[in-house]
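Welcome! Please take a look at the sequence and the 3D structure below, and then let us walk through them together.

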Amino acid sequence: MTRTGRAVVYPAPNAPFEIREYPVRDARENEVLVKIAMSTICRSDIHSYEGRRPNPCPGILGHEIIGVIEQIGDGVREDLRGDPLAAGDRITWTEYFADGPSYYRDVHDMPQKAPGLRKYGHDHVDDDPHFLGGFADYCYILPGTGILKLPEVLSDEEATPLNCGVATMISVTEAAAIAVGETVVVQGLGLLGIYGCAIAKARGAARVIGLDAVPARRRSGSGPISRST
Ligand SMILES: [Zn+2]
């Protein structure tokens, strides 16, 4: 009997979500089948839902995803660090994937600019393998995706935003070259701004100043920042 899994489908902008079932097939060569443990609602998911950015419909939103490997296809042996992968491992993976050689990825270390790039949470649900977004029971990790095994020290809640929100702010703080003892001003204390404050402290900034025009963010912002110091 064919196994199925559930997906929360985004049928069209501003339309109610629909729970649908799709077949779950075996992982093919260079694929990984993951049982999803957690997915966030990223701000860009909300933008997609509101029709403020193009996104295929019907589809499965959610691209900050973690899960446990259920089945590994032939050819998948290790993660981005070179650690061996096996069924039962808890993993995260890159938000985007592009199969085959790529000048931008292989020469310029810019995989996000590779031709033919696709993204999890940005694909048609009607097409095989159906499960390519976070709001579902399963996700197929397709060839060209970078996989990272998660250490036990990270909770699901801490690990799930790593591949989008945290990765964005790691990139920003690296580009800003924040050094030990510096003063850093972060404008905007949404989730990315809060990550920026914490990462700036972790890089050795002596003083981090957060600015936001929204009073509620100024009040709630002091919690996570003070905990990170
Ligand atoms: Zn995101």
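How many bridges join strand β3 to β8? Four bridges link β3 (residues 32-39) with β8, and the two run antiparallel. In this pairing, V32 stands opposite I141 in β8. Strands here are DSSP runs of E with at least two residues, numbered from the N terminus, and two of them pair if DSSP finds at least two bridges between them.

A word on the source: this is a predicted model, where local features need pLDDT of at least 70, side-chain atom pairs count only at pLDDT 80 or more, and totals for chains, interfaces and linings use all residues. Residues are numbered from 1 along each chain as its sequence is written, and side-chain values use heavy atoms, without hydrogens and water.

β3 and β8 belong to an open sheet of five strands, ordered β8-β3-β4-β5-β9 with antiparallel pairing. β8 (138-141) and β9 (147-149) each have a single partner strand, so one side of each lacks a neighbour in the sheet. From one strand to the next, the twist averages 45°, with axes as lines fitted to C-alpha atoms and angles running from 0 to 180 degrees between N-to-C directions.

Elsewhere, β1 (residues 4-9) and β2 (residues 18-23) pair in the antiparallel sense over six bridges. V9 has E18 in β2 as its bridge partner.

Finally, here is how the protein chain is divided, with bounds from an automatic or database domain assignment:

| Domain | Residues |
|---|---|
| domain 1 | 4-159 |
| domain 2 | 166-228 |

The centres of domain 1 and domain 2, taken over C-alpha atoms, are separated by 28 Å.
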